[in-house]
Amino acid sequence: MSKKELKFNSKAIHGGQQPEKGYGAVMPPIYQTSTYAQSTPGEHKGYEYSRVSNPTRTALENAVASLENGSYGMAFGSGMAAIDAAMKLLSPGDEVICTSDLYGGSYRLFKQVYEKYGIKFLFSGMLDMEELEAQITHNTKLVWLETPTNPMMNIIDIEAVAKVTQKHQVLLGVDNTFATPYLQRPLDLGADIVMHSATKYLAGHSDVVVGALVVKDEKLAEQLYFIQKSSGAICGPMDSFLTLRGIKTLHVRMQRHCENGEVIANFLKNHPNIDKVYWPGFEDHPNHKIAKQQMDGYGGMISFVPKGGDYAEAIKIVEKLEIFTLAESLGGVESLVGHPASMSHGSVPKEEREKNGVVDALIRLSVGIEDVDDLIADLEQALN
Ligand code: P1T
């Protein structure tokens, strides 16, 4: 049976991978080398310099490409480096339309780095396709979306957006960090580029900062490999190894993240001290129908606003939590809590983020895979 035909849980372990050629090592060795011997200039065994490629990184790139049902993968030194590489496909004068609710670091890269180079960024809720289409001009080259969005958990219909981008011959990039390919495979829905902060669920153990891109199209892959080797923001061999090791349990971890997420979302929804809970698994979530259609589960990311909450109230709660560690990031085995307004989205101007619902009282949970009773008890003590 070809490894291409494997089901997801098997692909997480075997996809795009083969035992190492030298000694049959089941896990790819950490090729901690910058360069490779050549017998005469240009004669080598497939690798010449580790900025261009490295066997441990290749193993990771193939694994991520396999999980996303893509053909080509590129691994970078961070999620932001992966997005940066995608933005380097653009030229001055080009326009990008992105989801208005977006990781603060992506917003910062777009507005404070790339606008300086003459690239224009427009924002859209991406819930109304006619509205999205009306924003497209002959300069639009890329639509960039997150779904679920960080931190408001909006769900964007990838297939519907892809119909619009294909009609206008615009590239579609999807940041699949929150969902992971376990829950959602954007390339199957018509996206051209899938991006990951592999720092999060893919690696899954809060021990690396890594990014990835996956595409199907050969020409697009060539352009991105060229950018990757030219700009050089690559993932090192040690981090490639750790990310690959994390991926081997992605399906098991995600299953538990989803189970624990559901219990905690419902607990918060029924709690008297909570005003709003944002989680796409709720039937009354505005985009639940699309989530149900395009995702295989709802994940472990939840945002909420305490009743009558303000900045001080939110800070009190995040400080009181004990098992939920107050920290940037998400997607690891351990539960984390974040305060988007001052942490992950601190670089988004207050009026911009409040338009999207990222108010000072908003709290974001990354539900880990601990015993859910302990997580509930922790929330209970912090909320009361
Ligand atoms: O941190 P890095 O690996 O560079 O990835 C950036 C990134 C990109 N896209 C999304 C959706 C993200 O959530 C992130 C990183 N986010 C956090 C650190 C955070 O706390 O939200």
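Contact here means heavy atoms within 4.5 Å. Axes are lines fitted to C-alpha atoms, for helices over the stretch in contact, and angles run from 0 to 180 degrees between N-to-C directions. Helices (H or I, at least four residues) and strands (E, at least two) are DSSP runs, numbered from the N terminus.

The model is predicted: local features need pLDDT of at least 70, side-chain atom pairs count only at pLDDT 80 or more, and totals for chains, interfaces and linings use all residues. Residues are numbered from 1 along each chain as its sequence is written, and side-chain values use heavy atoms, with hydrogens and water left out.

Two strands pair if DSSP finds at least two bridges between them.

**Helix pairs**

α2 also meets helix α9 (residues 237-247): the two axes come within 8 Å and cross at roughly 35 degrees. This crossing of α2 and α9 is left-handed, a term used if the near helix is turned anticlockwise from the far one by less than a right angle, with right-handed for clockwise. On the α2 side the contact involves Thr56, Arg57, Ala59, Leu60, Ala63, Val64 and Leu67, and on the α9 side Pro237, Ser240, Phe241, Thr243, Leu244 and Ile247. By class these residues divide into 9 nonpolar, 3 polar and 1 charged. Ala, Val, Leu, Ile, Met, Phe, Trp, Tyr, Cys and Pro count as nonpolar, Asp, Glu, Lys and Arg as charged, and the others, Gly among them, as polar.

α3 (residues 79-87) pairs with helix α4 (residues 104-113), their axes coming within 11 Å and crossing at roughly 35 degrees. The crossing of α3 and α4 is right-handed. Met80, Ile83, Asp84 and Met87 of α3 meet Gly105, Ser106, Leu109 and Phe110 of α4. The contact of α3 with α4 has 5 nonpolar, 2 polar and 1 charged residues.

**The sheet of 5 strands**

A further open sheet has 5 strands in the order β8-β9-β12-β11-β10, with mixed pairing. Its edges are β8 (274-278) and β10 (325-326), each with a single partner strand, so one side of each has no neighbour in the sheet. β8 and β9 (residues 301-306) pair in the antiparallel sense over 4 bridges, with Lys276 opposite Val305 in β9. Helix α10 (residues 250-269) packs on this sheet, touching β8, β9 and β12 (363-366), and its direction makes about 10 degrees with that of β9. Helix α12 (residues 311-320) lies across β9, β10, β11 (336-338) and β12, running at about 25 degrees to β12.

**The ligand**

There are 20 residues around the ligand, of which Asp175, Ser197, Thr199, Lys200 and Arg364 come nearest. A residue is near a molecule if one of its heavy atoms lies within 4 Å of it. The table gives distances from polar protein atoms to an oxygen atom of the ligand.

| Residue | Polar atom of the residue | Distance to a ligand oxygen atom |
|---|---|---|
| Gly79 | backbone | 2.9 Å |
| Thr199 | side chain | 2.6 Å |
| Arg364 | side chain | 2.8 Å |

**Backbone details**

A cis peptide bond joins Thr147 and Pro148, with omega about -10 degrees. The bond from Asn150 to Pro151 is also cis, with omega near 10 degrees. Pro148 is in the loop between β4 and α6 (158-167), and Pro151 is in the loop between β4 and α6. Thr180, found in helix α7 (residues 180-183), has phi near 65 degrees, a positive value in a residue other than glycine.

Methods. Polar contact = N/O pair within 3.5 Å; in protein donor to acceptor, adjacent residues only side chain to side chain.
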